[in-house]
Amino acid sequence: MSDNEENYDVVVVGSGGGGLIGGYIAASRGLRTLVIEKTDQVGGTTSYSGSGLWFPGSAPTRRAGIDDTDVEAARQYMRKAVNDPGREELQDAYLSAGIALIDELEQSEWFQTFEHQPVPDYLDHLEGATPHGRSIFPPPIAVNELGDKASIVRKSIYTERYGHTEDEMFVGGRALIARALSAFLETGNGVLKLNTALTGLVVDGDRIVGVEALSDGEPVRLRAARGVLLAAGGFEHNAELRAKYGTLPSNAEWSDGVDSNVGDALVAGIAVGAETDLMDEAWYVPGTVQPDGKPVFQSGIRGGIWVNGAGERFVNELRPYDQAGHVIRDGEREAEGSHAPAYWVFDHKAFERDGFGGKGPDVPVSAEWFESGALKKADSLEELAELIGVPPAALVDSVKTFNGYVEDGVDEEFHRGESAWDQMFQFIVGYPALPEQNFVVPLPAEGPNPLLTATDTPPYYAATILLSDIGTKGGLKTDASARVLGADGQPIGGLYATGNTMAAMSGPVYLGAGTPIGSSLAFAYRAALDLADTTE
């Protein structure tokens with residue numbers, strides 16, 4: 001307990017997309033709102049992202065010519081994908097909140113106009129899925145428009161980990177955070193406290209009335225007359241919690257979530273009786289191991305194949321990242337790690353054409369890749385197999401089988417290059433699209449399927465693929481207003497959760513680009529509306 005006490009209407013824990021949007025919505029309705037952030041930068045994992053928002057029926061999709069019937073198609077798609085009647089109320093709340101939230105944000109000079117981009121839904125075999133998708137994105141914003149606030153917006157993961165240079169524009173997740181931060185502070189009712197870490201929730205009877213925190217190392221009690229919104233991300237960097245709940249990988253250092261996400265808000269919620277769900281799940285992604293030994297999100301390839309520890313191909317390498325991640329996860333659980341690690345094997349033709357390490361073909365690959373062993377090179381597939389520790393005969397056979405698919409353009413095992421997602425992803429990074437995909441402008445193709453090219457030109461290369469994630473998915477159970485539920489299924493008074501602190505409304509699946517951040521914003525919006533209507 002602290003003698004140092006401050007009073008607010010609403011306290012928000014966490015400054016990612018959900019935290020700042022929830023704070024903005026509450027503050028814009030006249031509520032004195034505090035957002036606390038345990039680090040010295042705002043943005044959380046949202047700042048690492050492209051900031052897609054999967055919002056069917058929202059104004060940007062309508063402006064793109066997608067008619068209003070798409071909302072019902074999206075609803076049916078969600079029903080089939082999630083296949084859980086217990087989450088249907090959350091799904092409906094999500095759909096309506098996304099539409100209303102964007103309508104409200106676009107009235108603000110800080111948010112301006114969001115834009116739809118054609119990112120296909122991830123489960124394209126289900127009724128209601130579309131090749132045009134339902135993903136919208138915030139507009140970029142010049143760094144200098146933020147003034148002094150620009151310095152506290154979290155950098156991209158590539159800058160934080162590897163010192164890449166940032167440009168003069170905030171884009172993607174950083175643009176969303178920059179806009180939300182500015183809008184929140186300019187309400188006149190928003191207060192931000194950095195270096196302020198949650199240590200517990202304040203309980204009065206059966207209600208949450210504030211938080212205990214350490215602010216710049218000093219204990220402080222922050223009272224919240226209306227309630228507390230927990231929006232502090234997941235527990236991805238907490239090895240103990242990952243082990244406790246069986247959330248793979250057990251190595252917390254392999255997550256692409258922000259390092260400060262260790263489950264503080266989750267633990268605080270559990271301590272006051274909150275129920276949890278999906279605790280063994282994560283927003284799984286494959287990760288290519290970098291020279292520092294840590295993986296970074298890898299979404300598909302053009303050249304080469306992925307093989308497991310047996311030297312065998314096991315997945316369409318262009319499959320949506322969450323699905324590919326689950327394949328690796330399931331292999332680790334069911335086959336004693338045969339897919340973890342996996343290896344990306346490709347030839348010199350692909351190396352010269354595509355580049356490597358996030359760089360284009362005109363940028364030389366630095367020596368540290370080879371010196372660290374993150375990238376291996378050999379004159380033959382047999383030699384490469386010895387370097388990565390897989391059976392040489394199996395690797396040779398896997399490459400031979402894949403190469404046999406190139407002439408006809410049909411991947412008989414995993415159907416690479418056939419889906420709308422495969423084609424869209426490669427279009428975004430500048431590769432050809434098949435002519436029948438009319439939502440992109442086709443570029444010259446290389447054979448009947450431009451995403452099947454032979455691996456036949458020595459020397460050969462191998463990079464290591466590990467199971468990674470962009471955050472854990474399990475969290476506190478909530479109702480449709482984002483109110484946290486206790487073991488009895490009833491709301492805990494004054495306590496709300498969103499983002500990865502909340503158990504995902506989409507269950508174990510990933511619907512389309514922007515499901516995690518879209519959920520975080522939608523339920524932060526629902527929470528703020530409920531807080532604004534609450535009377536003491």
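This is a predicted model: local features need pLDDT of at least 70, side-chain atom pairs count only at pLDDT 80 or more; totals for chains, interfaces and linings use all residues.
## Starting with S135

Contact here means heavy atoms within 4.5 Å. Leaving aside neighbours within four places in sequence, S135 is in contact with L53, W54, E115, H116, Q117, V119 and A513.

Where does S135 sit? You'll find it in strand β5. Is S135 buried or exposed? Its relative accessible area is 0%, and buried means under 20%, so S135 counts as buried. Its side chain also has a polar atom 2.6 Å from the backbone oxygen of A513.

## Rings that pair up

How many aromatic pairs does the structure hold? There are 20. Take F55 and Y94, a tilted pair with 5.8 Å from centre to centre and 55° between the planes. F55 is in the loop between β3 and α2, while Y94 belongs to helix α4, so this pair ties together parts that are 39 residues apart in sequence. Both F55 and Y94 are buried.

Now try Y122 and W421. Their ring centres are 4.9 Å apart and their planes meet at 75°; over 60 degrees counts as edge-to-face, so that's the label this pair gets. Y122 lies in the loop between β4 and β5, and W421 in helix α14, so the pair links parts 299 residues apart in sequence. Y122 is buried, with a relative accessible area of 3%, and W421 is buried too, at 6%.

## A cluster, and a lysine over a ring

Which residues make up one aromatic cluster? Look for W344, F346, F351, F356, W369, F370 and Y461.

Elsewhere, K473 lies over the face of W283, at 4.1 Å from the ring centre.

Most residues other than glycine have a negative phi, and most peptide bonds are trans. That makes a few spots here worth a look. The bond joining L248 and P249 is cis, with omega about -10°, and P249 is in the loop between α7 and α8. Another cis bond runs from P458 to P459, with omega near 0°; P459 lies in the loop between α14 and β18.

S51 has a phi of about 60° and sits in the loop between β2 and β3. N83 has a phi of about 55°, and its place is the loop between α3 and α4. Which of these is buried and which is exposed? S51 is buried, with a relative accessible area of 1%, whereas N83 is exposed at 63%.

How values were computed:
Residues are numbered from 1 along each chain as its sequence is written. Side-chain values use heavy atoms; hydrogens and water are left out. Rings of Phe, Tyr and Trp (its six-membered ring) pair if their centres lie within 6.5 Å; planes under 30 degrees apart count as stacked, over 60 as edge-to-face and the rest as tilted. Helices (H or I, at least four residues) and strands (E, at least two) are DSSP runs, numbered from the N terminus. Buried means under 20% relative accessible area, exposed over 50%, partly exposed in between (1.4 Å probe, protein chains only). A charge sits over a ring if NZ of Lys or CZ of Arg is within 6 Å of the ring centre and within 35 degrees of the ring normal. A polar contact is a pair of N or O atoms within 3.5 Å; within protein, one must be able to donate a hydrogen and the other to accept it, and residues adjacent in sequence count only if both atoms are side-chain atoms.
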